[in-house]
Amino acid sequence: MKRVLITALICAAATGVFAQSTKTDSVKTAADTAKTHHNNNDDDDDWDNNFHYRRHHHHTDRYPQGFAGITFSRFDLGLATLVDNGSFTLSAKNQFLNYQSWKTSNVGFDVFQMGVKLTKGFKIYLSGGFDWTLIRLRQDITIVPGQPVLTFRPDSIHFSKNRFSSSYLRIPLSFDFHTQEDDRGNRFHFVFGPEAGLLIDGMVKQISPENGKQKIYAGYNFNQMRYGGFARMGYGGWGIFAKYYWNDMFENSPNQAGLRNFSFGFTFGF
């Protein structure tokens, strides 16, 4: 996961450098005119401060205006919580998944988007990205791969880290209501919509004196497809988010029926 975060930050930095270079080359002359043009047409082709590349075919105030392109945005960093049939307390049959709340996290970001701006204050877009749920287990157990149902075994080894995680390709559909830019060039956003996810893989990562660092990749009965809803609100380039998935975290595992995922935290880049 550290590699993923480092890679994401490097991509963001590289994109920002390229964006600055692009902007510098494009405004060598008539800088004030270009600034005025940008304020009047906030959807011009350009890299913006949230690392979007937006490709538009309209440079007027007429709507609708389509856009599509690569992006590095909606970077979510927060806490993940397991909801057991409506309760934040795990039932007896799910106690093996007892986790450290402050070390169980959700990380995700979008890398592509396409949509349409319908008015100055409203747009709809479909995006694609990646999402990780990282569960830090309290007990010295091992989730057993390749089983027909979610299975674990107790271990005599003490793990300094015992993490059970899933990675998904996320595909949210966003309804974005936003204000016009203020004097600082920022705006308020309220975004919500449904989200689908396709399982990439599941992983167990364990660290112990006896075995060192071990990583095992397997499906671990995580649901192949998940669906839910999300909401984001914020000002400028950051805000808060919440996500809840309506179907079970695990499939073909009757003991985990009704166990679902809720996440909340900070989001960066609207």
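Trainee: Which strand supplies the largest share of the nonpolar patch in this structure?

Mentor: In this predicted model, the largest share comes from β4, which contributes three residues; β4 (105–119), β5 (122–136), β8 (161–178) and β9 (188–208) each supply at least two.

Trainee: What makes this set of residues a nonpolar patch on the surface?

Mentor: A patch of this kind takes nonpolar side chains that have over 30% relative accessible area and are joined within 5 Å, and the set that forms the patch here includes Val 111, Phe 112, Met 114, Leu 126 and Phe 130, with about 780 Å² of accessible area for the whole patch together.

Trainee: Why is Leu 126 called partly exposed?

Mentor: Leu 126, which is found in strand β5, has a relative accessibility of 39%; since buried means under 20% and exposed means over 50%, Leu 126 therefore counts as partly exposed.

Trainee: Which residues touch the most other members of the largest nonpolar core?

Mentor: Of its 20 residues, these are Leu 82, Leu 97, Ile 143, Phe 164, Phe 222 and Phe 250, and the elements that give two or more residues to this core are β6 (141–144), β8 and β9. A second, separate core has six residues, among them Phe 72, Phe 75, Val 107 and Trp 132.

Trainee: What does Phe 250 touch, not counting residues up to four places away in sequence?

Mentor: With contact taken as heavy atoms within 4.5 Å, the partners of Phe 250 include Leu 97, Phe 164 and Phe 222, and also Asn 221, Asn 223 and Gln 256.

Conventions:
Residues are numbered from 1 along each chain as its sequence is written. This is a predicted model: local features need pLDDT of at least 70, side-chain atom pairs count only at pLDDT 80 or more; totals for chains, interfaces and linings use all residues. Side-chain values use heavy atoms; hydrogens and water are left out. Patches are made of residues with over 30% relative accessible area and no salt bridge: like charges are joined within 9 Å, nonpolar side chains (Val, Leu, Ile, Met, Phe, Trp, Tyr) within 5 Å. Accessible areas come from the Shrake-Rupley method with a 1.4 Å probe; for residues, only the protein chains shown count as cover. A salt bridge is a side-chain nitrogen of Lys or Arg within 4 Å of a carboxyl oxygen of Asp or Glu. Helices (H or I, at least four residues) and strands (E, at least two) are DSSP runs, numbered from the N terminus. Buried means under 20% relative accessible area, exposed over 50%, partly exposed in between (1.4 Å probe, protein chains only). A nonpolar core is a set of buried Ala, Val, Leu, Ile, Met, Phe, Trp, Tyr and Cys residues joined through side-chain atoms within 4.5 Å.
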